[in-house]
Amino acid sequence: MPKIFLIDVTNRDGVQTAKLGLSKLEKTLINIYLDAMGIFQSEFGFPTTRHETNYLQANLELVDMGVLKHIRLAGWIRAIVEDVETTFQLVPNIKHLNLSISTSDQMLTGKFQGKKKKSDVIKDMTEAVKCARTCGAESIGANAEDASRTELNFLVEFGLAAKECGADRFRYCDTLGYDNPFTIYESARILAEKVGMPIELHCHSDLGMAVANSIAGAKGVIDGGQDAYINTTINGIGERAGNADLIAVILAATKSKCFAEKYPLGGEIKLKLASKIAKFTSYAFDVPIPINQPGVGANAFAHASGIHADGVLKDPGNYELYGYEELGRGDPIKVETGREIITGQYSGISGFSHVMGKLDVSFQNKSRNEANEILELVRYANVESHKPLVEDELQFIADYPEIAKKLLTMTPLE
């Protein structure tokens, strides 16, 4: 039976959000959280971008070490041979790639300025896919950017060409959020039937329908007989109006009327980590979670109306589709109101040892040099992120100082 798999693109599409960004340590923590949640794949960065190289290699090393236990890490590049070659020069051990090229008449005219025809698009894509396979890629997605404004017959031709030359999935990109649930369902079903390969749905929220479109598109793919892969970002962060929110997609797929019975998620998703990953991502991007955000917003389980309050106290099922405990909510939040010692770029060993001791990380059995080395890494991580590190970041640095060193190391071109 075909299933729905989740590919989170926070570390690729999310970080392309104007005026925002993440440190390499923050991106790594997101990969760790996604892995713990049971997400199938993280699109973890740009392997042709040199400042990503150490981060990408460090995260692939975490896979080899068994720290990242299940999740696939995939890079995003343009569907041209030059990008494939650069990728394997800079990150030779990368195994999963998504290759992207624009397909719509609008992009052929407005972006490529008439320098590419549809035949050129297919030629570039197929040559890039073949090159990636030759270089050792284990899984390859062929991405049609602006697919929702592309003639469907050409998308079928594009998908069949991708399949024939060895691609594993076809990514249907609603790049401008142009689709609606009805149009994307039809397009996705036809593509699944005629191309005969798994289809990814990559939806933006310019018209506020990214989650609905993702669910409708997945339904179309499965009705067409193929596995569906939904692209998400945490908290819906992304270019312009954002992408399909990870938690909202999970809730819609598992809690909406009659959907999960016929269109199940592949693999176990640990929804209890939802609140934690949403809060960390909000902190890392410095973007508050909207109070009405499904599942994780401050008002998601708040009731003021007398009728609602009375009803939910009698039976939560009266006014709540799911319980807050399912999303890892309900524990009290501790806020320091007295003395507070914070680790930062100017911390000393005494205050640092105090903070780490609260995390059950003791330096008594470590040499002073080792403790100072970890402190130095924490200082650099603080310089890069411009904010105090959360406990999980401090713990990560203490546990994997050599990986942390790679995450914090960049070598600009001379």
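Is Gly224 buried or exposed? Gly224 is buried, with a relative accessible area of 13%. Buried means under 20% relative accessible area, exposed over 50% and partly exposed in between (1.4 Å probe, protein chains only). The model is predicted, so local features need pLDDT of at least 70, side-chain atom pairs count only at pLDDT 80 or more, and totals for chains, interfaces and linings use all residues. Residues are numbered from 1 along each chain as its sequence is written, and side-chain values use heavy atoms, with hydrogens and water left out.

Gly224 sits in the loop between helix 8 (210–223) and strand 8 (228–232). Helices (H or I, at least four residues) and strands (E, at least two) are DSSP runs, numbered from the N terminus. Leaving aside neighbours within four places in sequence, Gly224 is in contact (heavy atoms within 4.5 Å) with Arg189, Ala192 and Glu193.

In helix 3 (residues 81–90), the buried residues are Asp83, Val84, Thr87, Phe88 and Leu90. Seen down the axis, they fall within an arc of 165°, so they line one face of helix 3. The arc is that of the directions from the helix axis to the C-beta atoms. Glu82 and Gln89, on the other side, are exposed. The buried residues of helix 3 pack against helix 2 (53–65), strand 3 (72–78), strand 4 (96–102) and helix 5 (118–135).

Ile374, Leu377, Val378 and Ala381 in helix 14 meet Leu394, Ile397 and Ala398 in helix 15. The residues of this contact divide into seven nonpolar, no polar and no charged. Here Ala, Val, Leu, Ile, Met, Phe, Trp, Tyr, Cys and Pro count as nonpolar, Asp, Glu, Lys and Arg as charged, and the others, Gly among them, as polar.
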